Amino acid sequence: MKLLAIDCAASLCAACVYDAAVGSELGRQVLDLGKGHAEHLMSVIDAALKATGTGYPGLGAIAVSIGPGSFTGLRVGVSAARGLALALKIPAIGVTTLEALAAEAATMFPGRPVLAALDAGRDEIHAALYDKASVLTYGPAATTLSQAATMAVDMSAVLAGTAARQIAASAGPAFDIGSTAATADIAVYARLAAIKGPGEKPKPLYLRGADAKPQAGFILPRQQP
């Protein structure tokens, strides 16, 4: 089965085609945009498909990063994945950025617990802890730096994600650190989705509300008839 993976969770707009039968990536297209995922995602997908000689009818599933990450980027990626899955009558499979970062770190440091953590600002960290068998034992959840550091020390965990160095500095002891990026390589999402298989329809994972909120002055009082 050929699987298309999409990631818009951070600054990257990425897509790859993955052959689940042999566990191998066939081709990819990745742009570092920062913003503007909605304008570029379909062309990125088309480029990844053309690079592998694959058409939409040749796909058996769509994988997509569901966050935590960019509020807008997640909506773009998940909406595209669900729309394509509906049109092609194939499953869409969600993979969190934290499980992808943890899986990437587990490949670098096999047989070790991994704490994947993203700096969410406002003194908040979005984290997930996986044991040495890569089984989720905590999260994904919003936590504090001190709580994340305590988990890291208690589990002697490998650290991954944008908050990894922050946690290591707070915890004191030296830690092994995997990728400190905001998202994993696109092929990791494809591999995890192929392992997970179909389940619930993917939806963005928001561990806190959107930053943008309507101003109170724009909410008009209801008029009495």
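A helix here is a DSSP run of H or I with at least four residues, numbered from the N terminus. With that in hand, here are a few notes on this predicted model.

1. The end of α4. Helix α4 is followed by Ser 156. The phi of Ser 156 is positive, near 50°, which may be a handy place to start when you look at the backbone.

2. The buried side of α4. Which residues of helix α4 (residues 145-155) are buried? They are Ala 148, Ala 149, Met 151 and Ala 152. Because these residues cover an arc of only 160° around the axis, they sit on the same side of α4. As for their partners, the buried residues of α4 pack against the strands β6 (114-121), β7 (124-130), β8 (136-143) and β9 (158-160), and also against α5 (164-171).

3. The second largest pocket. Its volume is about 280 Å³. The lining has 16 residues, and the closest to the pocket's centre are Glu 99, Ala 103, Tyr 130, Ser 134 and Leu 192. Two or more lining residues come from each of α3 (97-108), β8 and α6 (186-196). The largest share, 5 residues, belongs to α3.

4. Glu 39. You will find Glu 39 in helix α1 (residues 37-52). Is Glu 39 buried or exposed? Its relative accessibility is 63%, so Glu 39 counts as exposed, the cut-off for exposed being over 50%. Along the chain, Glu 39 and Val 76 are 37 residues apart, while their C-alpha atoms are separated by 9.6 Å.

Note on methods: Residues numbered from 1 in each chain as written. Predicted model: local features only at pLDDT ≥ 70, side-chain atom pairs only at ≥ 80, totals over all residues. Heavy atoms only, no water. Buried < 20%, exposed > 50% of the residue type's maximum accessible area, 1.4 Å probe, protein only. Arc of directions from axis to C-beta. Contact = heavy atoms within 4.5 Å. 1 Å grid on protein atoms, 1.4 Å probe; cavity = no way out; pocket = protein on both sides within 12 Å on 5 of 7 lines; lining within 4 Å. Points joined across faces, edges and corners; volume = space filled by probe spheres on them.
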